[in-house]
Amino acid sequence: MTLILALDFGGTKLAAALVNVGSRKWLRYERRLSPVGANASTDLEIMRSLIYSLLEDAKPAAIGVSFGGPVDASTGTVRLSHHVAGWENIPLKGLLEEEFGVSVGVDNDANVAALGEHRFGAGQGYDSLFYITVSTGVGGGWILNGQPWRGAGGMAGEIGHIVVDPSGPVCLCGKRGCVERLASGPYMAQNVREILENEPQRRGGFRDGEILRGLAGDDLTLLTGQLVSEAAAAGDDLAKEVLHKAAWALGVGIGNVANLMNPQRFVLGGGVTKAGEDFWRVVRQVARETALPEVDFEIVPAVLGDDAPLWGGVAIASM
């Protein structure tokens, strides 16, 4: 029995899974949320506990790792995490190889998820696809001619930092109006919170975020992208306005990428993509309007859901 161990270091959660080579079903699977104020050390300790819980006394043939942040895939070094402190220049591949004595592949989550969807999900049978994850951040990963394409410095696919609104709000990266600043879950929640705090006169009916306030128990610090999506689905006009802007930003980014690279498929995953049919309708419509009429492409949901980075880890470990 040949085992592959797949690991996913996300911005807010950690996951590990074990699978037999050639199988499409997890043998064992563990997931845990990162504690508030987590850093690289706490994440590594949690992941170690997940790994040993999964392995019991077994030893994997190889390990594939998805990491939520910039990675030098050639050396397996994590450059940093935008969401968890202490990950600057951590040799993750080396640490895991030293501890477990097997080959380890490490790449950023969007590249790994792209590989997972290409090998096991919505990208099967396609030579070129662009995978986009829309969750804590917005990232992208390329499959070109059936192979991952990372760019000269491993930074290809950063659709989250395409500027779509130069007069928009400031992003974590320092630029204004990035796709990520408008479309990621935490930023959607922040946008709603700022409107509700700065415009207390928005009262009367759903327009003022009444459903949003209810879902958050009137504690605006508890607002999340998921709550914004739920409120929009329930008819809250403010939530719908912010979600529409997110879908618009993502659609503009996709349309521009379609013009530039002309992939066959865009595969969208991550929590924000579960926001409902209206979100998808706007994304598709705006992308189509942004792209040239002659540029053909499809925009489809990821098949593997939250497990795309783990299945990509399996693919990396098998390469």
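Author: A residue counts as exposed when its relative accessible area is over 50%. Arg-24 has a relative accessible area of 52%, so Arg-24 is exposed. The model is a predicted one.

Where is Arg-24 found? It is in the loop between β2 and β3. What does Arg-24 touch, leaving out residues up to four places away in sequence? The list is Arg-119, Phe-120, Gln-124 and Trp-311. One C-alpha separation gives a sense of scale. Arg-24 and His-83 are 59 residues apart along the chain, and their C-alpha atoms are separated by 31 Å.

Trp-26, Tyr-29, Phe-120 and Trp-311 make up one aromatic cluster. So how is an aromatic pair described? By the distance of the ring centres and the angle of the planes. The structure has 10 aromatic pairs. One of them joins Trp-26 to Trp-311; the pair is stacked, with 4.0 Å from centre to centre and 20° between the planes. This pair links distant parts of the chain. Are the two tryptophans buried or exposed? Trp-26 is buried, and Trp-311 is buried too.

For another geometry, take Phe-67 and Trp-87. Their ring centres are 4.7 Å apart and their planes stand at 65°, so this pair is edge-to-face. Phe-67 is in strand β4 (residues 62-67) and Trp-87 is in the loop between β6 (77-78) and α2, so the pair ties together parts 20 residues apart in sequence. Both of these residues, Phe-67 and Trp-87, are buried.

Back to the helix that carries Trp-311. How many of the 11 residues of α10 are buried? The count is 10, and the helix is mostly covered. The buried residues are Ala-308, Pro-309, Leu-310, Trp-311, Gly-312, Gly-313, Val-314, Ala-315, Ile-316 and Ala-317.

Helix α3 packs against α10. The angle is about 80°, and the axes are 7 Å apart. The two helices are therefore roughly perpendicular to each other. From α3, the contact uses Val-112, Ala-113, Leu-115, Gly-116, Glu-117, Arg-119 and Phe-120. From α10, it uses Ala-308, Pro-309, Trp-311, Gly-312, Gly-313, Val-314, Ala-315 and Ile-316. By class, that contact has 10 nonpolar, 3 polar and 2 charged residues.

Follow the chain on from α3. Ser-128 has its place in the loop between α3 (109-120) and β8 (129-134). Its relative accessibility is 13%, so Ser-128 counts as buried. Leaving out residues up to four places away in sequence, Ser-128 touches Ile-143, Leu-144, Asn-262, Pro-263, Gln-264 and Arg-265.

Apart from neighbours within four places in sequence, Val-295 is in contact with Ala-258, Asn-259, Asn-262 and Arg-288. Val-295 is found in the loop between α9 (277-290) and β12 (298-301). Its relative accessible area is 10%, so Val-295 is buried. Val-295 and Ala-258 are 37 residues apart along the chain, with C-alpha atoms separated by 6.9 Å.

Helix α8 (residues 237-261) has a partner in helix α5 (residues 185-198): the axes come within 10 Å and cross at roughly 140°. They are therefore oblique to each other. The contact takes Met-188, Asn-191, Val-192, Ile-195 and Leu-196 from α5, and Leu-238, Glu-241, Val-242, Leu-243 and Ala-246 from α8. These residues divide into 8 nonpolar, 1 polar and 1 charged.

Definitions and conventions:
Residues are numbered from 1 along each chain as its sequence is written. This is a predicted model: local features need pLDDT of at least 70, side-chain atom pairs count only at pLDDT 80 or more; totals for chains, interfaces and linings use all residues. Side-chain values use heavy atoms; hydrogens and water are left out. Axes are lines fitted to C-alpha atoms, for helices over the stretch in contact, and angles run from 0 to 180 degrees between N-to-C directions. Helices (H or I, at least four residues) and strands (E, at least two) are DSSP runs, numbered from the N terminus. Angles under 35 degrees count as roughly parallel, over 145 as roughly antiparallel, 65 to 115 as roughly perpendicular and the rest as oblique. Contact means heavy atoms within 4.5 Å. Ala, Val, Leu, Ile, Met, Phe, Trp, Tyr, Cys and Pro count as nonpolar, Asp, Glu, Lys and Arg as charged, and the others, Gly among them, as polar. Rings of Phe, Tyr and Trp (its six-membered ring) pair if their centres lie within 6.5 Å; planes under 30 degrees apart count as stacked, over 60 as edge-to-face and the rest as tilted. Buried means under 20% relative accessible area, exposed over 50%, partly exposed in between (1.4 Å probe, protein chains only).
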